[in-house]
Every structure is written in C-alpha cells, then in structure tokens.
Amino acid sequence: MDVWALLIIPIVTSVVIVFITRKWKNLSSYLSIAAVIACFFIVLPYLIEALGNPHMHGHEQAFTWLKVSGLHIKMGTFIDSLTVVMLCIVTFVGSLIHIYARGYMEGEEGYSRFFACLSFFIFAMLGIVLANNLIMIFIFWELVGLASYLLIGYYYQKPSAADAAKKAFLVNRIGDFGLILGIFVIYYATGSFNFGEIEHQVMAGHVEPWTMGLAALLLFCGAVGKSAQFPLHVWLPDAMEGPTPVSALIHAATMVAAGVYLLARISFLFYMAPPEAGIVVAYVGGLTALMAALMALAQSDIKKIIAYSTLSSLGYMVMSVGLGGTGPGMFYLMTHAFFKALLFLGAGSVIHACHTNSIWEMGKLYPKMKATGVTFILGSLAMMGVFPFAGFWSKDEILSTAFDSGHWLLYGAGTLTAFITGIFITKIVLLAFFGKKRYHGNPHESPPSMTIPLVVLSVFAVFAGLAGFPGLEPNFGSFIPSHGHHGPHHFNFLVAGISTLVVFAGILIGWKLYTGEAEPAHRLKAQYPCLYKVLENKFYFDHFYDGVLVAVIYNGIGKILNFIEVNIFINFLINGFAYNVRVVGRALRGTITGQLQHYALFMVSGVVVLVLIFLQYFV
C-alpha cells in the first residue's frame, strides 16, 4: 500500500470521529484503534525489507507543493532504516496505548473527542517521521504541538490542566523559533530543504563548517523544546495533568522522541561541523539527565517521578547523539519507548484503582494487582538497566560512547544518573506495591483491555535489548549506524560491569530508605530539609521563570509597550486622526445646502485653485 496511506488514514479517522461518530463513543474508539493498527500493518513490509537489507536504499516520493520565482518546495516522504524504526515505535506502541485507553477512559466526558485527538496526534507524528524535507518537518512539528496542547488540556475544566497545556505550547514555541532560524540558515547555505540534497552538499564540503555548526545548533533548539532538554525542560512534568494514556504516548514513546529523531536525521551536520557543536549538545543532554534524576528523588506523584525519569532518559539520548553515537541513541530511544510506556500505563492502572497519584497513599498493592505489579517491576528493572533487561543493553551503549570517546565528565554524569535512577525507581516499587497498606477503599486489578497491553509491553521491555546483543551481526547498529562508524554495536564489558554495580548500589540504598515504614527516608528528609526543598521545588526553575522572566517581560517590558501602544499609537495617532476627521467633517457640514448654485460655485472655485497651483509650479 502507498506510504501516503499512513497519513491519510489517521487524519480521516480524526475528522470522521469529530463530525460523524462523536455521539457513538464505542464506535469512535474502535475507529481510532483500527486506524493506528492499520498503520502498523502498512509499516510491516518496510520493516521486513529493512531486516533483510540493513543498508536499505531509501524510498522517496515527492510532489510540488509551492513554486514561485526562486523558490521550489516539494512535499514528500522518505523511508530508510531510521524511518522504519520510528514508524514501528509510533504505530506499535501507539496501538497498545490506544487499546489501553479504551478501558482507562471509560465513562469520561469527551470520550470521542479524546480518540479524535489521539488519531490527530498519530497523523502529525507520522508526518514528522516520514518527512523528506525540513519544511514538511516544521509543519508537522507544529501540528504535534497542537495535538499535545489538546491532549494535555483534555481536562480543560481544571485550571492546572489548562495551564499545563498552555505552558507546554508556549515553551515549545521558544525552541521552535530556533528551529525555523536553523531551517533558514540551511536553505541559505545549500539552496534546498530536502535532506538528501542537503546531506550531499554537506558531505561534499560545499558548506562552510561554521555555517553547519550554526545551523545544527539552531535546529537543536527545536529538539531542546520538543524533547524537554535544559533549560526548556519545565513543561514536561506539568504535562502529567493529561490522562495517563497521553503521558505514555506523547511524553514517553513518541512526541518527546521527535527531537532525538530530528538530531539523528541531521547527524551528518554534526559530523561535518566543528566538534564544539556536538559537545554543546552532549553537555546539554548530560546536564538534563543528571538534573532530572535528582529532581525525581523528592517527588511523590507517581506520574511525575516517571516523567522526570523520561527527562533523564532523553538526556541520555541527546548526549549520545551529541557525541556522535546516533546508533546507540536511537537504540535507547527504541527500548525506552517500550519500558517507559509500560511504566506510565502501569502507573495509570494503579491510579485507576486507588484514585490518587501520591505514592504515599498506596502501598501493599501487589496482592490485589498482581498483573500490574509484575509488569511494572519488569519495566522498572528495564528502566534501571539491570541485566539482562532492555535498558541494560541500550543504556550501556551510551555510557560506552562517552567512555570510549574520553569524555569522562559526561561518562561520570551518566553513571551517577544510573545510580540515582536505581534509588527513585526502587522507591516507586516499594511504596506502591509493597510495605505498609496506605490506600483507601478496595483496589482491584484493571480490566483485560488495560492489562493485556501491559503484558505485551513487558515482553519487549525484557527482550528488545537483545537487538544490540554483542556478537550478533547484523544488530541494531547495522540498521542505524553512526556517521564514521558502520557496523554492529561494540559492547564494552568494563562499562557494563561498572554500570551494573552502580545500579545495584542504587537499588540497595533505595531498599534501605523505603522498605517497611520508610523511616530512614523520613529521617534523611528531616536532616537535610534545605536540600530536599531544593529538589522538591525542581531547583526553582519554575519560580525563576514565573518570578523573574514573567515579571520582567509581562509587568515590565509588557506594560511599557502597552503604554506606548495605547497612549501614542492608539490615543495620539489613530484617535487623533479620527478626531481631526470629525472636526473637518463638522466644518464642511455647513456646505451641504441642497442648492445647485452653491455646488457649482464650489466646483468652479476648486478648478480655479488647481489652475493657479499648476501655473505657479509647472509653468
């Protein structure tokens, strides 16, 4: 089937739900689920081709969209191994989340609206993945932002949800400003928006290195916003106000991965640009990974803890791509999609049963929710990078990239992040599923529509990492090679050994702090209240943005500009002009007498004046 069907099916489904089936909730959900599953089956032949030919030649289709003097823009699709990986993640994980959402959202108002927005999001996300040029990426990039705004603000009656949606939308626009500037720089340097043509010119040395570095960093600004990297990371935790399936789909498996995908797509720019450009990207990723892990330590909302772990994981991916490890970064993106979606959906199952997000109001849920508990524990082990789960193989590839390239500070930050991850993930597992009973009511296991996706995702959380198994050829690195290195990933047993010891140390400390009544954790909080408060308040980034930037821009610059606009442009110029027109109109009103001889006199007088002016200046 034509690849354009991947875009047509979900957008048509969204439109049909909005205008036709909105009143029939079950039909709307079935249509949305069927649409994303159909997209997955369309992708399967391309996956089979990629598995048979790791260096598959890209399939490209295009048509003229805009042609004016000096500007010719085509819209098209491009499918290579990188595209296939992302298409599989979006459609397969998206299918499971759609099925889960049917049970989770049962009884909610706006049920059809929710599935219409999900289908619209799948359309926009697939558009980013399939795009063969920067203009098309930018268009669908903005549509993904719109879809996330609608889904985060699903409970728009809640002020916190409405604020979170606006925050996500506006913060992403900051990054997108850099993205559009980067697109302009690329077009100025190469005369093209097409990825293939740009790469050809860059690799042939037709573009100045500093221009490539500037373009790469500007495009990276878009990834900073979409993938929630420092300093634009503040929107992602707040976005947990949306329904849990939204958190799993948008903020774990797909949307936030779009920034990493963009970096992978333009990795040739970083390869040919001055090395400082990649180093900037790597350090932003490393800082985000460590900072987010520290923030997660002091949170009590189960979804927000997992959200900070997402920030940390995205930091790993960005760090890897910045160091030239496109393959390891995408490998971790793939495995992360499975176990992070599993963790979010598992958290949703717990929230669905306990009617609270606070891990301090759960406890001892495992006997009542064994399917959720087992799958959540498997996802947690994968997230922490315990052998032989998926996170072990993929995260250690990134740490090996930093280690082998001699970037010891980044390697240390990544290893410390792995240690902290072991602590806060252990905290969730112990406080939610074991220890003291703290829940109210009678929690029970979720329906099969919610637990079956958990089981399927847990299988991939356990085994997906074997795609990078050492000695396996071809492995994941053969499909998504890094520039300058083509072939299977190489496993560093020293790095893996250190990482494993560090993770188990984190698990042990988490066990000591949070087992039983969690008394050691309470004592630690009491001993270091200032440090805990800093972490609990997320290093006060939101306070700084709200108290300084918003105050300066809104209360300072904004009010000055408002004063100038109202008093100078509106009151003085516009209203003054209108006042003068009214005065002249009143003065001329007396000339309207209704007598023909008066009008004739005015006309003759006007002609005489015009003749005198002409004789004065032109004769």
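Leaving out neighbours up to four places away in sequence, V224 is in contact with Q229, F230, P231 and L232, where contact means heavy atoms within 4.5 Å. V224 lies in helix α8, residues 209-226; helices (H or I, at least four residues) and strands (E, at least two) are DSSP runs, numbered from the N terminus. Is V224 buried or exposed? With a relative accessibility of 7%, V224 counts as buried, because buried means under 20% relative accessible area, exposed over 50% and partly exposed in between (1.4 Å probe, protein chains only). Look also for G178: its C-alpha atom is 9.7 Å from that of V224, although 46 residues separate the two along the chain.

A word about what you are viewing. This is a predicted model, in which local features need pLDDT of at least 70 and side-chain atom pairs count only at pLDDT 80 or more, while totals for chains, interfaces and linings use all residues. Residues are numbered from 1 along each chain as its sequence is written, and side-chain values use heavy atoms, with hydrogens and water left out.

Now find the two strands β1 (residues 59-68) and β2 (residues 71-79), which run antiparallel and are joined by nine bridges; two strands pair if DSSP finds at least two bridges between them.

Next come two helices, α2 (residues 25-52) and α4 (residues 111-130), whose axes are 8 Å apart and meet at an angle of about 15°. Axes are lines fitted to C-alpha atoms, for helices over the stretch in contact, and angles run from 0 to 180 degrees between N-to-C directions. On the α2 side, the meeting residues include S32, V36 and C39, and on the α4 side F115, L118 and I122 are among them.

R265, in helix α11 (residues 257-265), is buried with a relative accessible area of 9%. Beyond four places in sequence, R265 touches F78, D80, L82, T83 and F195. T426 sits in helix α18 (residues 408-433) and is buried too, at 7% relative accessibility. Its contacts, again not counting residues up to four places away in sequence, are M384, I507, G510 and W511.
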